[in-house]
Amino acid sequence: MKIFGELKLNKKQAVFAITILISLGLVLIGYETFNMSPPLLPGYPGDAFYPRLVIGFTAIWCIVILARGWRSGSQENVKSTPVSDFSFHVGEFIAVTIAVLAYAILLKPLGFEISTFLFLFFLLYPRMQKNVTNNLILSTTLSIVTILVLWAVFGFGLKVQLPVKFLPLYIY
Amino acid sequence: MENVLTYTLGAMQNMASVTILLTIFAGVILGILLGALPGFGSSQSLALLFPLTFAMTADQAILFFLAIYSAAEYGGSIPAILIRTPGTPAQAVTVLDGYAMTKKGLAKRALRISLFSGVIGGVTSTIIFILSGTSLAYFGLLFGPGEMFALGLFGLSIIGSFFGKDAAKGFLATGIGLILATVGSSGFGGIRFSYDQPYLMEGFPLIVIIIALLAGPEAFRLLVDHRRTIENLEAAPEAKEESRERNRVTMADVRLLIPTWARCSVIGTVIGAIPGAGASIGSLIGYSEEKRWSKRGHLFGTGVEEGLAAPETANNAVVAGTLVPTLALAIPGSGAAAILLGVLISKGVVPGPLMFQEQPTFIATVFVGLLFVNIMLLFVGFYGTQTFSLIARVPRRLMGPFVLLLIFLGAFAFDAFIPHVIMVIIMGALAYVFQKVEIPVVPIVLAFVMGPIIESNLSLALTIHEGDLTNVLLRPITITILIIAFITAVYGLFSRSGDQVNPDKTA
């Protein structure tokens, strides 16, 4: 599997963008507090009181970070330095996220054994760094052994209701 | 207390029973194994093993549970140190210096320090209890809703100001954690921020937040950033050929850690005696106080022995402290203590103020037993270190899939509810992005733990005092804690302001 989409990003700009997104989120949930139920008990300030306190507290720090980012952005020397840059493997990140979400969605339809095997194999195979045959054998073996160990510990030992298709959950 | 000391010899004779010793041994093994699994904290471990106590006597059952409880607090530190995945919520702070030591090739050293610290914390707190148990019980009763609210704010002041390189980002993360904690029930009949989604009506489960925000980014980091890394954690650049020598814990290390152990044992015991506080708060306050007092406090987070010993000592000291309100007042100090209380009641043992007078033998058995539990934990943990540390030899690029699978199953094991698992994945991915831009995620987790304590106590205090905030805030203990919290926050902000000039300075 090739790596693609490796980006070099400026940390300060990334923090600025993330803080703006958080601020928008705060506005949305702040609006939601006006739909909350009024206080029922005497003295109780209502369901919206504490969330508004917290939203206000978080908003203050968003403003501090945005003001700081704005001020540093308007300074003369805005050249990106290695210190403020970081690399982000976008393709790899998206692939891993999709793989684990797919595992979550397919766990019950396909069963614990098949979905876990596919998940582990998909992630282990490109990381083995040996020849094709060895990669296949190692990935397959490790995946199967892991499935059996997890089934024994979680399913059989701890009585977690794993959606198994072939392996038993009870031994009489 | 005189009765307890008088009956101590009789209790020690009880410990000489093979059945009792085997029960404690089994409890220690099970506790370590279950505590090491993400998704299985001490409460879940005790709940899972509750049926095993049906055939046991009262003495056996309580010692079995104490063994599990103590061992689980240590067991949770193993994955926290080795793969940055805390086994229980109390180890959220352990990952900071524990995992940093593993990256330096000092995994065994970290595990040993964690073990010694936990055992010393447990033993010291047991002795403190024997000498002053009833006094501590009544101290805990002085903490009403206003005091608990102030204690929660004190915790927040520590969280925001001491974690991460930038205090502003630390407080932002704290705010995010507090907001996440408001989702779901308000505790007074309202449902907040559910957007009519059934899986949000009960809020975010604590275990989902912990696994997602602490273990999730590490799993993504191992998979994404270390896809082509060939070295293992033991082969980190800083590891030298004499790694065996570096991993030894010497008498010089012991002398260095004695002040840490002493301070954090007391902190953990006192925190444990406060109903509702728990090991998470104990380890957090232990860590922050040690950072303040230690000569190497400015190096905490980089793999410093005191930074690891402090939370581990405190969270094990909480165990004996928790027994104070549980046995003396029949008020469980934590979820695990509530299950202990259930075991006692099922065996016909009635905790309460008269217990010390009416059942001194049982009290003595409990505390002598706790000493034996810690000794057993020392031996099992010490010889297990060799096995546990093998994990550090696995190449980092191959650990990622297994860590991700483990946290996935940990979240699934909680309640077999796929939306919770998807929450873990999405939050884990976001936490990975946060870490990339140096927004710390530990404050989010800790604020999430503190949030309900703060809100419920504030709301209760306001209800009791009919909305009069001054009545709540001006109580002596409350105002004292609030002043300390303010000083802590200001100190943390201004002491970090130098880092703004040099953001690469390691905290």
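**Exercise 1.** How many salt bridges are there between chain B and chain A?

*Solution.* Start with the ground rules: this is a predicted model in which local features need pLDDT of at least 70 and side-chain atom pairs count only at pLDDT 80 or more, while totals for chains, interfaces and linings use all residues. Residues are numbered from 1 along each chain as its sequence is written, chains are lettered from A and ligands numbered from 1 in the order in which they are written, and side-chain values use heavy atoms, with hydrogens and water left out.

Next, the term: a salt bridge is a side-chain nitrogen of Lys or Arg within 4 Å of a carboxyl oxygen of Asp or Glu. By that rule, the count between chain B and chain A is 2. Arg68(A) and Asp166(B) form a salt bridge, with their closest N and O atoms 2.3 Å apart.

**Exercise 2.** Describe the contact between the two chains.

*Solution.* Step 1: count the residues. With contact meaning heavy atoms within 4.5 Å, chain B brings 66 residues and chain A brings 67.

Step 1: look at the area. The chains bury about 5,900 Å² between them, 79% of it on carbon and sulfur atoms; buried area is the accessible area (1.4 Å probe) that two parts lose on being put together, summed over both.

Step 2: find the elements on chain B. Helices (H or I, at least four residues) and strands (E, at least two) are DSSP runs, numbered from the N terminus. On the side of chain B that touches chain A, H19(B) gives the largest share, 12 residues.

Step 3: sort that side of chain B by residue type. It divides into 43 nonpolar (Ala, Val, Leu, Ile, Met, Phe, Trp, Tyr, Cys and Pro), 11 polar (the others, Gly among them) and 12 charged (Asp, Glu, Lys and Arg) residues.
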